[in-house]
Amino acid sequence: MSAAIKALKSSRIVTTDRLMMIPPGKENLPDLIRLKADEGAFGLMLHGIRAAERTAEELEDDIDFWEVRGYGTWCVFERETGNFLGICGLMERPDGRGVALRYALWPQSRGKGYAREAARAALDFGHAAGLPRIIAVARFTNHASRAVMQDIGMTAAGDFRHKGHEMLVYESVASPAAAKP
């Protein structure tokens, strides 16, 4: 089996009706640099926009995270066009709150249900991989992100302050049948 066919059959690739989610590789660096430098796409993410050098370091971390954990962040593409829409995935929060769902899409990709579709697929993947609890964090003022979390079934689980902003924590707890033995 060729490497390309093997990659396409990978259990790490997630497809939905409209999206293909692929773990990031070095070939995705140009798209990731543009996404993570864009205030509209990445300004509300933890630590905000990134310089190209930091994005390259994070890509290496993302690749390693997949190898160690078996889950991570995906690059999200529209299946019909192949267009890069952004990122979505699961990462360990640096503040120790646990594994968190995160997503960031181009502003022009918003309002089409892509974030909900990708986030739901990432949650399902995480729970199927054995994660019993997945959280997500959003600024209180980020109503769009909060709506996505609520729409995919996450429930409010707390709040805290970060750099002067009120942050809300949501959670998804796997049903006993969804968790791996």
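Predicted model: local features only at pLDDT ≥ 70, side-chain atom pairs only at ≥ 80, totals over all residues.
The sulfur of Cys 75 lies 11 Å from the closest cysteine sulfur, that of Cys 88, which is too far for a bond. The structure accordingly holds zero disulfides, a disulfide being defined as a pair of cysteine sulfur atoms within 2.5 Å. Cys 88 is likewise in no disulfide, the nearest cysteine sulfur being that of Cys 75. Cys 75 is buried, with a relative accessible area of 0%, and Cys 88 is also buried, with a relative accessible area of 0%; here buried denotes under 20% relative accessible area, exposed over 50%, and partly exposed the range in between, as computed with a 1.4 Å probe on protein chains only. Residues are numbered from 1 along each chain as its sequence is written, and side-chain values use heavy atoms, with hydrogens and water left out.

Helix H6 spans residues 143–151, and its buried residues are Ser 145, Arg 146, Val 148 and Met 149. Seen down the axis of H6, these buried residues fall within an arc of 155 degrees, so they line one face of the helix; the arc is that of the directions from the helix axis to the C-beta atoms. Helices (H or I, at least four residues) and strands (E, at least two) are DSSP runs, numbered from the N terminus. On the other side of H6, His 143, Ala 144 and Asp 151 are exposed. The cover over the buried residues of H6 includes strand E5 (99–105), helix H5 (114–128), strand E6 (133–139) and strand E8 (165–173), where contact means heavy atoms within 4.5 Å. Arg 146, one of the buried residues of H6, lies over the face of Phe 140, at 4.7 Å from the ring centre; a charge is taken to sit over a ring if NZ of Lys or CZ of Arg is within 6 Å of the ring centre and within 35 degrees of the ring normal. Elsewhere, Arg 97 lies over the face of Phe 160, at 3.5 Å from the ring centre. H6 is followed by Gly 153, whose phi is positive, near 95 degrees.

A search of the whole structure finds 14 salt bridges, each being a side-chain nitrogen of Lys or Arg within 4 Å of a carboxyl oxygen of Asp or Glu. One of them joins Asp 31 to Arg 34, with the closest N and O atoms 2.8 Å apart. Both residues lie in helix H2 (residues 29–37), where Asp 31 and Arg 34 are three residues apart, about one turn of the helix. Asp 31 is buried, with a relative accessible area of 19%, whereas Arg 34, at 46% relative accessibility, counts as partly exposed. In helix H4 (residues 52–69), Arg 54 and Glu 57 are also three residues apart and thus separated by about one helical turn, and their side chains meet in a salt bridge of 3.0 Å, N to O. Arg 54 is partly exposed at 36% relative accessibility, as is Glu 57 at 43%.

The side chains of Glu 92 and Arg 69 meet in a salt bridge of 3.2 Å, N to O. Glu 92 lies in strand E4 (residues 84–92) and Arg 69 in helix H4, so the pair ties together parts that are 23 residues apart in sequence. Both positions are partly exposed, Glu 92 at 34% relative accessibility and Arg 69 with a relative accessible area of 38%.

The structure holds five aromatic pairs, in which rings of Phe, Tyr and Trp (its six-membered ring) have centres within 6.5 Å, with planes under 30 degrees apart counted as stacked, over 60 as edge-to-face and the rest as tilted. Among them, Phe 65 and Tyr 71 form an edge-to-face pair, at 5.5 Å centre to centre and 75 degrees between the planes, and Phe 65 and Tyr 71 are both buried. Trp 66 and Phe 125 form an edge-to-face pair, at 5.9 Å centre to centre and 70 degrees between the planes. This pair links distant parts of the chain, with Trp 66 in helix H4 and Phe 125 in helix H5, 59 residues apart.
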